[in-house]
Protein chains: 2
Amino acid sequence: MSTPLAVGNSRVKEARKLSRRSVRTERRLFLADGPKAVEGALSVAGCVVEVFATAQAREQHAALLAGVEVTLVDDRAMDSLSDSVSPAGVVAVCRPVDAPLERVVEAAPRLLAICADVRDPGNAGTVIRTADAAGADGVVLAGQSVDPYNAKTVRATVGSLFHLPLALEPDPVAAVRAAQHRGLTVLAADGAGEVDLFDADLTGPTAWLFGNEAWGLPDELAAVADHRVAIPILGRAESLNLSTAAAVCLYASARAQRS
Amino acid sequence: MSTPLAVGNSRVKEARKLSRRSVRTERRLFLADGPKAVEGALSVAGCVVEVFATAQAREQHAALLAGVEVTLVDDRAMDSLSDSVSPAGVVAVCRPVDAPLERVVEAAPRLLAICADVRDPGNAGTVIRTADAAGADGVVLAGQSVDPYNAKTVRATVGSLFHLPLALEPDPVAAVRAAQHRGLTVLAADGAGEVDLFDADLTGPTAWLFGNEAWGLPDELAAVADHRVAIPILGRAESLNLSTAAAVCLYASARAQRS
């Protein structure tokens, strides 16, 4: 039985540096923290480079880690690799899973989520998780969106980061155009939209376009969409937050497409 | 023109203590931070005890604060009163707005949200905001739920804390029974539920029952509901998070009740 690596071990130290975006970008690697994320990562061929686990977690997640080569670390080393308050004891070093825009859009014949300038890591992760749950075929993080490989976003996806195709596209208009070119109707979620969500025809192939959590969609971007759709606000709230609005829209599509 | 109060002023110091739950409970007061929250608080008769603002914010929010007696504070004093990274410059000391369970349920003839053991301040606030947006008539925070008057929850409601009746009920079963007694059908949002959300009849008066963000609803509580309803998971995600699940359920009701 090998001795667990300690916090000062060079492999642990190198992996820990992946908490910094610049290092992730340079090395084209990131950390997936916790059993759900590691399970997702292991399901993607060639994604996982190395799995760190405590002896206790290796035992606890024996089924997940069966046949997987595990680098044992002690508790302090695990704490240093996880940004969670209570680390689950298993972390994987992973290769990025994003694909070119064209490939993601091609793989999305029915339902796609495009986020423009989503800045909050938790929101981005929640939208990816919700898109997965609603049966979307892909997600595009467009514009100046948050890095999907930061620890908070990965955690908020609860594994969904590895479940559906993801594209990172600096130009949101290019993402919209690509979806339209593929035959999807692009619907901008927009509180001032001319179509009421409850009246919208959502039966066809659809790409939802969501804006920034604070300032929404710029007019010129919303104008590129085929329609602007408002979720009706029936009480006195001014709006919904990004992830709840995305959930309502994506599930409205899921329902319409199923029936 | 009076001199703005500084961070060491006794009124500022006393107000700042309201960031502690024990002080809020003892004094029956809490802080509403930012223009949306203050606007909501001012719309409730007798709620606001005192409004603190910087000179700049008083000018910027002149319409909101017209006719309101404002205690001017300097920037450091405002920073000490706000838990926001970038304080908006206006904070109100408020009296609690919750009402007895019976009164909230009586005021909720059509749509009610009951949260059991919601622990995350942001989630609780988002559910209140979403319930407001979906036109719910009231919210019950039941069981060992988070204090709705902590700064993060108040902020996440974006004013909705003041828009719809709110009850705090330690016993979740009592909340369910009260809703049923009032003629509402209680639907437990439960991933293992026997009814598919898309097939559920949501046209009648409904109370949604939501569980804790990590462990969901205890079986014995879900069993008290009239039906257990599952949001269909169409992809590979295991579940939705609490606030997105609540959004999907509440908006499904809003849609069914409108049509």
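Is Glu50(B) buried or exposed? Glu50(B) counts as buried, because its relative accessibility is 18%, and buried here means under 20% relative accessible area, with exposed over 50% and partly exposed in between (1.4 Å probe, protein chains only). Before going further, keep in mind that this is a predicted model, in which local features need pLDDT of at least 70, side-chain atom pairs count only at pLDDT 80 or more, and totals for chains, interfaces and linings use all residues. Residues are numbered from 1 along each chain as its sequence is written, chains are lettered from A and ligands numbered from 1 in the order in which they are written, and side-chain values use heavy atoms, leaving out hydrogens and water.

Back to Glu50(B), then. You'll find Glu50(B) in strand S2 (residues 48–53) of chain B; strands are DSSP runs of E with at least two residues, helices are runs of H or I with at least four, and both are numbered from the N terminus. Its side chain has a polar contact of 2.4 Å with the side chain of Arg11(B), and another, of 2.6 Å, with the side chain of Thr71(B). A polar contact is a pair of N or O atoms within 3.5 Å; within protein, one must be able to donate a hydrogen and the other to accept it, and residues adjacent in sequence count only if both atoms are side-chain atoms. Leaving aside residues up to four places away in sequence, Glu50(B) touches Arg11(B), Thr71(B), Val91(B), Ala92(B) and Val93(B), where contact means heavy atoms within 4.5 Å.

Now for the cysteines. Taking a disulfide as a pair of cysteine sulfur atoms within 2.5 Å, the count over all chains is 0. Cys47(B) has the sulfur of Cys94(B) as its nearest cysteine sulfur, 4.1 Å away, and is in no disulfide. Cys47(B) counts as buried because its relative accessibility is 3%. Cys249(B) is in no disulfide either, with the nearest cysteine sulfur, that of Cys115(B), 11 Å away. At 0% relative accessibility, Cys249(B) counts as buried too.

Next, have a look at helix H10 (residues 172–181) of chain B. Its buried residues are Pro172(B), Ala175(B), Val176(B), Ala178(B) and Ala179(B). They sit on the same side of H10(B), because they cover an arc of only 160° around the axis, the arc being that of the directions from the helix axis to the C-beta atoms. An α-helix has 3.6 residues a turn, so residues three or four places apart point the same way. At the N-terminal end, H10(B) is capped by Asp171(B), with a side-chain oxygen 3.0 Å from the backbone nitrogen of Val173(B). Just after the helix, Gly183(B) takes a positive phi of about 100°.

Over in chain A, 7 strands make an open sheet with parallel pairing, in the order S7-S6-S5-S10-S8-S11-S9. Two strands pair if DSSP finds at least two bridges between them. At the edges are strand S7 (166–169) and strand S9 (195–196), each pairing on one side only. S5 (residues 111–116) and S10 (residues 206–210) of chain A run parallel over 5 bridges, and Leu112(A) stands opposite Ala207(A) in S10(A). S8 (residues 185–189) of chain A pairs with S10(A) over 4 bridges, with Leu187(A) opposite Trp208(A).
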